[in-house]
Amino acid sequence: PARQYGFTMVARCADESKQKLRDCVGLPRSAINYMGLSVRTPEWRYTEWRKWDGVRKQAVDDWKSTGLLGAELFSHERSFVP
């Protein structure tokens, strides 16, 4: 049977001059400050944004909650209105 889920990683680098995040295209991996890690099913996508150690190439604080910047749960099939 076909796989019904997928995983993605999206790197973001700090742009200190503009105080925002930007793509890390063309920069060394050691410059990566943040990583978005997602799992997607046909109905849902869950993403965690984490502080990232670009030198060690892993999440800061070894995946503890102190390295978690935010989490998103998105429905591809339903619209939720409060």
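Predicted model: local features only at pLDDT ≥ 70, side-chain atom pairs only at ≥ 80, totals over all residues.
A residue counts as buried under 20% relative accessible area, as exposed over 50%, and as partly exposed in between (1.4 Å probe, protein chains only). Residues are numbered from 1 along each chain as its sequence is written, and side-chain values use heavy atoms, leaving out hydrogens and water.

**Threonine 47**
- Threonine 47 sits in strand E4 (residues 44-53); strands (E, at least two residues) are DSSP runs numbered from the N terminus.
- Its side chain makes a polar contact with the side chain of serine 38 at 2.5 Å (N or O atoms within 3.5 Å, one able to donate a hydrogen and the other to accept it).
- Beyond four places in sequence, threonine 47 touches residues including Leu37, Ser38 and Glu72 (contact means heavy atoms within 4.5 Å).

**The disulfide**
- The structure holds 1 disulfide, a pair of cysteine sulfur atoms within 2.5 Å.
- Cysteine 13 and cysteine 24 are the partners, with S to S at 2.0 Å.
- Cysteine 13 lies in strand E1 (residues 6-15) and cysteine 24 in the loop between strand E2 (20-22) and strand E3 (34-40), so the pair ties together parts 11 residues apart in sequence.
- The link is right-handed, with 120° about the S-S bond.

- Cysteine 13 and cysteine 24 are both buried.

Definitions and conventions: Helix = DSSP H or I, 4+ residues; strand = E, 2+ residues; numbered from the N terminus.
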